[in-house]
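Please brief me on this assembly, topic by topic. I want the symmetry, the chain contact, the sheet and the DNA surface.

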Protein chains: 2
Amino acid sequence: MTGETTGGTTGGASPAPSPASPVRILLCDDHVVVRAGLLALLGSEPDIEVVGEAGSGEEAVVLADRLTPDVVLMDLQLGEGIDGVEATRRIAADGTVHVLVLTTYDTDADITRAIEAGATGYLLKAERPEELFAAIRSAAQGRTTLSAPVASRVMARMRSPRPSLTDRERDILAQLSQGLGNRDIARALFISEATVKTHLGRIYDKLGVDTRAGAVSVAKEQRLLP
Amino acid sequence: MTGETTGGTTGGASPAPSPASPVRILLCDDHVVVRAGLLALLGSEPDIEVVGEAGSGEEAVVLADRLTPDVVLMDLQLGEGIDGVEATRRIAADGTVHVLVLTTYDTDADITRAIEAGATGYLLKAERPEELFAAIRSAAQGRTTLSAPVASRVMARMRSPRPSLTDRERDILAQLSQGLGNRDIARALFISEATVKTHLGRIYDKLGVDTRAGAVSVAKEQRLLP
DNA sequence: GCCCCCGTCAGCCGATCGGTTGATGCGGGG
DNA sequence: CCCCGCATCAACCGATCGGCTGACGGGGGC
């Protein structure tokens, strides 16, 4: 289906990102003031046009499908409902709409999850407006832009082996952060205590700790849990 | 010094919040887009004038002193330097400038710390613009406005005794969240293991948990730690 | 076909934790 | 002056944790 993704001078009928037709934007953020801010900021740029606003992930998915904007500006923290990563995944799934993540946090977990979900770029809200404009124009053409601190983290992550947990380890960690003991975790996940201990040991290794309290602390800090 | 705090029709020379002279606002937020958003949003209101912007707590304290705005719109999370609570404390100290907290989180700890620091109101960024305008006008006259969810939490807190920790308990909790064992915590704080255990027991009681992992989890969630 | 990763499980041991009871000293408010 | 909240410490006990070694099966990649 998708066929031609970008190219620069597609002779298509309607959505041709060129100096003639502005970049069409869909905003997604659960905070009214942030949406208003982006609206005002982007209003000053003649070649950028906001065609829609979404206050939730679900809304963004629907509007992205209906409006087919060039770029969706997506926050990762969306309060109720699906989070920004999931919304990004669904919107970016068919490859027609580019998602540019614009959020507050530059934690490893957020960045990698967003990129894995198919985000075209990752910017921080503290970024200078010029950077945002440039990133939007890049994203419209499918080019990736990362904030400087984000780029640093990505590079660092590429170098270091792997601080990523398996699905099962995340399950264990989730129970652990409820303060459950090994026996209770085992019961909750329908496995034996021995297995729980095995997983915990590996979690400690990966997070660089050696106690459950430390593991919970690191997990919360790196936002490895919902 | 302070003398007349508010009154409604002070015959003073310069700062008289009346329909004639607009409410003078100082913005404080470390995110450019948020400041831009507030600027745009408030620009639509004729009786509200933004007289300054600060990107850090320190800057806000200086500008509040120099510009003596009617209201400071203050975010609590400010990245580098002093946080919004500390900035609020310093600005609100002499009672001439009202601080209206406008932030993302409605956790108990944030709310109470902000109010204790002297904030005149507490709004969430997800609030409707009309609420924000109304709150600003109220704050200019020293009247308190709370977002609905914030008000609920405050009421709930008034009813329930006090999930607040003592200073020493917070010290213990901080060490605990580093994943330290009782012996290490004792050494770090120059007390005996027995004392650490005593404090921990009380912390468990107050947080409604019975393990160290659970305590760290609750502490992180309620933002009881820096 | 082999190997590696993932998830599962077992047993052992010393160290640590959580709960309990009880005691001391210091400071502030009634 | 007495009481209470806070911080400090002691000793004890059973339960739990963390580290270790070793094992098995299934799925994916080479």
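The points below cover those topics in turn. This is a predicted model. Chain A can be laid on chain B with an RMSD of 0.3 Å. The contact between the chains takes 30 residues from chain A and 29 residues from chain B. Around DNA strand C there are 21 residues.

**Symmetry**
- The superposition of chain A on chain B needs a turn of 180° and a shift of 0.1 Å along the axis.
- That is the relation of a two-fold axis.
- Within chain A, A:Gly37 has the C-alpha nearest the axis, at 1.3 Å from it.
- Both copies use the same surface: 97% of the contact residues of chain A recur in chain B.

**Contact between the chains**
- Chain A contributes 30 residues to the contact, and chain B contributes 29 residues.
- On the chain A side, α1 (32-43) and α10 (212-221) of chain A are the elements that give two or more residues.
- α1(A) gives the most to this side, with 8 residues.
- By residue class, the chain A side divides into 13 nonpolar, 10 polar and 7 charged.

**The sheet of chain B**
- Chain B has an open sheet of 5 strands with parallel pairing, in the order β2-β1-β3-β4-β5.
- β2 (48-54) and β5 (121-124) of chain B are the edge strands, and each pairs on one side only.
- From one strand to the next, the twist averages 25°.
- β1 (residues 23-28) and β3 (residues 71-74) of chain B pair in the parallel sense over 4 bridges.
- In this part of the sheet, B:Ile25 stands opposite B:Val71 in β3(B).

**Helices on that sheet**
- Helix α1 (residues 32-43) of chain B packs on the sheet and touches β1, β2 and β3 of chain B.
- The direction of α1 of chain B makes about 165° with that of β2(B).
- Helix α2 (residues 57-67) of chain B also packs on the sheet, touching β1, β2 and β3 of chain B.
- For α2 of chain B, the angle with the direction of β2(B) is about 135°.

**Surface near DNA strand C**
- Of the 21 residues around DNA strand C, the nearest are A:Thr166, A:Arg168, A:Ile191, B:Gly181 and B:Asn182.
- Four helices each supply at least two residues of this surface: α7 (167-176) and α9 (193-207) of chain A, and α8 (182-189) and α9 (193-207) of chain B.
- α9(B) gives the most, with 5 residues.
- The residues of this surface divide into 4 nonpolar, 10 polar and 7 charged.

How values were computed. Residues are numbered from 1 along each chain as its sequence is written. Chains are lettered from A and ligands numbered from 1 in the order in which they are written. This is a predicted model: local features need pLDDT of at least 70, side-chain atom pairs count only at pLDDT 80 or more; totals for chains, interfaces and linings use all residues. A residue is near a molecule or strand if its C-beta atom, placed from the backbone, lies within 6 Å of it. Ala, Val, Leu, Ile, Met, Phe, Trp, Tyr, Cys and Pro count as nonpolar, Asp, Glu, Lys and Arg as charged, and the others, Gly among them, as polar. Two residues are in contact if their C-beta atoms, placed from the backbone, lie within 7 Å. Two strands pair if DSSP finds at least two bridges between them. Axes are lines fitted to C-alpha atoms, for helices over the stretch in contact, and angles run from 0 to 180 degrees between N-to-C directions. Copies are superposed by least squares on the C-alpha atoms of residues with pLDDT of at least 70 in both.
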